[in-house]
Amino acid sequence: MIRLNKRQFMLGSAGTVLAAAMPWSANAQRKNIMVLASNVDIPNFDPHVATGYAPQWLFRNTYDALVRVVGTPPETKPGLAKSWTRSDDGKTYVFELDERAVFHDGTPVTAKDVEYSFARLLRVKQGPAWMVSGILDETSVKATGERTVTFTLLKPFAPLLSVLPWMFVVNSAVVEANLGSDDGQSYLLANIAGSGAFTIGRARPGDLYELIRAKDDWHQGGNIDGVIWKIVRETATTRLMLQRGDIQFALELYAEDMEALKDMPKVVRIMEPDYRSFSIKMNTARGPLADKNLRKAISYAYNYQAMLEAAGQAELMQGPLPTGMFGHAEDLEVYRHNMEKAKEYLAKSEHKDGGFTLSISHAAGYENQRRWCLILLEALKALNIELDIRPLVWPDIVAMAKSPDTMTDFYSIFQSANYADPDNTVFAGYHSSRNGQWQNPVYNNPDADRLIDAARAEVDTEKRAALYKELQEVLVDDAPDIFGVMELRKFAMRDNVQNYEFCPVAANTFEVWPLSLA
């Protein structure tokens with residue numbers, strides 16, 4: 001653990017650009033504005049629709065959920081709810097809201113707003129709705145008092161408190177006033193209707209997003225007046241900006257960046273383990289990779305040791321679940337580089353002679369992903385298969401994942417656990433109900449669905465572990481992914497950032513409001 005001491009959205013507006021006589025970085029330093037560098041854009045402001053870590057970061061700082069997740073190991077802390085109780089059978093939860101909580105327009109957050117938000121989330125069926133699919137329906141969350149909310153679960157679900165930090169509450173009056181024909185999605189695409197510590201200021205896609213401390217903010221802690229999420233595509237530029245003090249916090253750094261920052265004055269390096277994994281998913285629904293034997297051949301042909309060496313501080317994945325997470329099968333037999341077996345399965349496939357080209361996409365600006373794609377290129381050459389490597393920006397990756405017809409043959413992604421439970425990883429990454437989402441564009445296996453559904457409803461710990469072991473065996477045999485690496489999180493910040501605390505759950509979406517600049 002590391003502990004260190006309401007304006008309208010205006011797309012592309014230049015009206016509130018930094019003071020003309022001063023660079024934006026210097027202006028930020030004078031106003032207690034924290035600048036974060038990321039190479040990921042924020043495509044959507046709707047907390048019930050958008051996915052990915054950049055939107056989640058935005059939501060954690062402009063909206064509130066009933067509870068928060070904090071620290072190492074992760075703990076559930078009060079958010080909008082100041083207290084809660086659970087029934088003995090695990091099916092009923094009662095939350096009491098904090099009477100101090102207000103939306104950005106000054107109106108109080110009520111139980112009706114919570115009821116409305118969960119009904120909308122489950123009605124829209126996007127964003128984080130997958131986390132409670134089959135657990136809640138549109139009538140499961142009810143206001144049973146002005147500030148009392150009662151959850152009646154369809155079936156027991158052990159990780160409920162762990163998923164609630166991603167279920168953000170909207171101002172129902174604002175959304176209803178801008179409902180349109182799509183449940184307010186057009187409005188919330190570019191507007192905030194939250195109670196979070198910050199409101200949205202400027203938003204310039206591909207450049208920066210500005211957050212401004214809410215008037216009469218009800219959150220207690222920190223002296224940050226505002227935040228700038230600055231898009232920086234190259235980590236060398238990020239390092240230079242950090243050295244000069246133009247930014248206070250850097251995300252998406254690599255092993256070579258951490259080495260370069262090692263002795264940099266006034267810079268603190270952060271390298272901590274979490275449940276973030278990298279895998280190369282295959283288009284199992286369309287094209288040559290719908291052939292299971294070809295997928296196995298490629299899984300054996302891949303050079304995992306080269307991948308590990310290119311990763312720096314990391315370890316190889318031992319199957320689909322992060323090592324160390326509950327339910328991980330330690331004795332699982334996984335794929336490792338073996339050209340004899342690769343050629344054996346290639347001969348069994350419908351594409352035994354090769355002679356064709358496959359495509360792979362990766363996030364532009366992620367040097368480690370580019371390197372791992374090059375390792376795949378070399379592996380495929382040994383099977384007489386060519387590879388077309390396509391760097392894409394995040395919004396294009398999300399759009400591409402919506403259909404097997406638009407998805408590339410391979411699709412490389414990092415996936416971070418939103419909660420420390422195997423349900424997070426396997427439901428998001430392998431359940432067919434998630435098809436069309438970036439975590440699982442196409443994979444559909446009824447056996448996997450059955451095991452995932454059974455395990456997430458099972459409250460007996462030993463029985464759950466047995467179900468997850470069987471599931472991992474099914475997934476390894478089906479080879480929908482090249483199970484890659486688990487990297488240490490690599491961040492860096494200026495030493496004037498105070499009160500930062502690492503959390504292994506969605507570490508790159510941290511809350512800014514508790515922090516201060518010295």
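User: At what angle do H14 and helix H16 (residues 461-478) pack, and how far apart are their axes?
Analyst: This is a predicted model. Two packed helices are described by the angle between their axes and the distance between the axes. For H14 and H16, the axes lie 12 Å apart, and the angle is about 35°.

User: Is the crossing of H14 and H16 left-handed or right-handed?
Analyst: A near helix turned anticlockwise from the far one by less than a right angle gives a left-handed crossing. The crossing of H14 and H16 is left-handed.

User: Which strands does helix H14 (residues 422-430) lie across, and at what angle does H14 run to E20?
Analyst: H14 lies across E16, E20 and E21. Its direction relative to E20 is about 155°.

User: Which strands stand at the edges of the open sheet of six strands?
Analyst: The strand order is E17-E21-E16-E20-E18-E19, with mixed pairing. Two strands have a single partner strand each, so one side of each is left without a neighbour in the sheet. They are E17 (314-316) and E19 (385-392).

User: How many bridges join strand E16 (residues 277-282) to strand E20 (residues 410-415)?
Analyst: Strands of a sheet pair through backbone hydrogen bonds, either parallel or antiparallel. E16 and E20 run antiparallel. Ser-277 stands opposite Gln-415 in E20. The bridges joining E16 to E20 number six.

Conventions: Residues numbered from 1 in each chain as written. Predicted model: local features only at pLDDT ≥ 70, side-chain atom pairs only at ≥ 80, totals over all residues. Heavy atoms only, no water. Pairing = 2+ DSSP bridges. Helix = DSSP H or I, 4+ residues; strand = E, 2+ residues; numbered from the N terminus. Contact = heavy atoms within 4.5 Å. Axes fitted to C-alpha atoms, helices over the stretch in contact; angles between N-to-C directions.
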